[in-house]
Amino acid sequence: MQGKRVLLIIGGGIAAYKCLELIRLIRKAGGVVTPVMTRAAGEFVTPLAVASLAAERVYTELFDLTDEAEMGHIQLSRIADLVVVAPATADLMAKTAGGHADDLASTLLMATDTPVLIAPAMNVRMWEHAATRRNLATLMEDGVAVIGPNDGDMACGEYGPGRMAEPEEILAAIAARISGDGPVAGKRVIVTSGPTHEPIDPVRYIANRSSGAQGSAIAKALHDLGAEVVMVTGPATAPRPQGPQIVEVESASEMMEAVQAALPAQAAVFAAAVADWRVVGASDSKIKKDESGKCPPLEMAENPDILKTVAQLPPGKRPALVVGFAAETDDVVANATAKRARKGCDWILANDVSPGTGIMGGAENAVTLVTADGAETWPRAPKTEVARLLAQRIAEALADEGVA
Ligand code: CTP
């Protein structure tokens with residue numbers, strides 16, 4: 001990031017205070033920050049604090065004769081290698097999506113021809129509001145990159161998605177975009193996610209309770225670190241992450257084919273809850289009830305084990321790092337350790353899916369990472385946080401092994 005310039009637009013939200021740390025991190029990484037503050041941002045952090053940390057002047061006003069004489073707003077919008085909006089409030093997102101230009105921040109966002117990265121932060125209801133969803137979709141269609149928000153406790157006392165991504169995460173996303181030097185930049189990673197549906201006939205299928213939330217979060221976290229991610233997903237209810245390439249499949253056999261088509265890759269994470277069995281000879285027409293009350297016999301056959309197949313590919317074809325999941329209800333670590341050996345993968349993330357943990361289909365996960373070096377239990381955390389930690393560990397492992 002040496003010498004690269006970030007135009008940092010600070011929006012008016014409580015997360016604005018985290019920008020002070022972000023500025024420090026960007027400068028520590030060798031970058032230069034030109035700070036812009038909205039009027040509301042000034043209610044949360046002082047221009048003096050921002051200017052002191054950036055060691056640059058802070059721009060706040062659109063119609064400022066001194067600013068226009070020194071550097072016009074059009075020029076200001078173009079001097080940077082990346083425009084970063086943090087925190088991106090609901091209002092700033094709406095203005096940008098709608099093409100408004102009634103203050104310096106929104107005008108710069110309209111006038112710039114530089115890539116834009118936003119770090120949204122707002123109350124969870126505001127984040128989930130239909131207007132914000134629409135604005136987010138529009139911004140992404142317009143090519144705006146998005147980091148976060150994360151799940152967690154919020155300043156307003158509520159819990160959920162809406163917390164701004166941490167400064168370290170934003171820095172990694174900036175580095176990945178500016179100089180392609182995110183920790184997994186240039187690495188291809190396949191992630192499987194969600195349940196599979198195994199058809200019985202055209203209207204019925206066998207499925208499971210996986211929501212796909214953990215797989216989606218992992219795909220997003222790896223993308224945020226700069227990886228080229230292919231997410232192969234079954235019919236999951238979780239929203240698809242923006243950024244990764246998404247391949248939609250239904251059954252385990254289709255998932256197997258899609259994963260094989262996505263190879264080669266440097267790493268693969270198998271978070272999907274793949275059905276172990278499929279119905280042999282699924283009917284092409286709807287099976288009718290038998291007058292005599294006899295149930296139709298369902299003959300089952302074993303599905304291909306995608307994780308095992310990929311983990312046991314010959315060297316050269318096998319991804320350098322293969323990560324599986326183990327959904328267990330008893331003897332979690334012992335079963336996961338045995339599963340790691342049986343499947344031939346490098347790591348297993350074991351989670352206790354006993355009823356009562358609320359993990360299957362819930363927002364949180366409690367995992368134990370089983371590697372060749374033993375087992376390591378992580379604190380229970382939102383699935384987005386587990387994903388961030390895992391992505392970080394994958395980045396470190398690929399760097400340690402010198403995987404190109
Ligand atoms: N998996 C897969 N393909 C399958 C079945 C499982 O890729 N046909 C992957 C899952 O994505 C997960 C891991 O294998 O990463 C563990 O799956 P699990 O169903 O728990 O393992 P099984 O070998 O089926 O063992 P169990 O007897 O515990 O069900």
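Which strands does helix α14 (residues 383-400) lie across? Here are some friendly notes to read beside the structure.

1. This is a predicted model, where local features need pLDDT of at least 70, side-chain atom pairs count only at pLDDT 80 or more, and totals for chains, interfaces and linings use all residues. Residues are numbered from 1 along each chain as its sequence is written, and side-chain values use heavy atoms, leaving out hydrogens and water.

2. Helix α14 lies across β13, β16 (321-328), β17, β19 and β20. Its direction runs at about 165 degrees to β17 (axes are lines fitted to C-alpha atoms, for helices over the stretch in contact, and angles run from 0 to 180 degrees between N-to-C directions). Helices (H or I, at least four residues) and strands (E, at least two) are DSSP runs, numbered from the N terminus.

3. Look next at β17 (residues 347-352) and β19 (residues 367-371): they run antiparallel and are joined by four bridges. Two strands pair if DSSP finds at least two bridges between them. Ile348 has Val370 in β19 as its bridge partner.

4. The chain is divided into domain 1 (5-179) and domain 2 (188-400), with bounds from an automatic or database domain assignment. Their C-alpha centres lie 35 Å apart.

5. Where do the domains meet? Eleven residues of domain 1 are in contact (heavy atoms within 4.5 Å) with ten residues of domain 2. The rule finds one salt bridge across this interface (a side-chain nitrogen of Lys or Arg within 4 Å of a carboxyl oxygen of Asp or Glu). Arg388 forms a salt bridge with Glu169, their closest N and O atoms being 3.7 Å apart.
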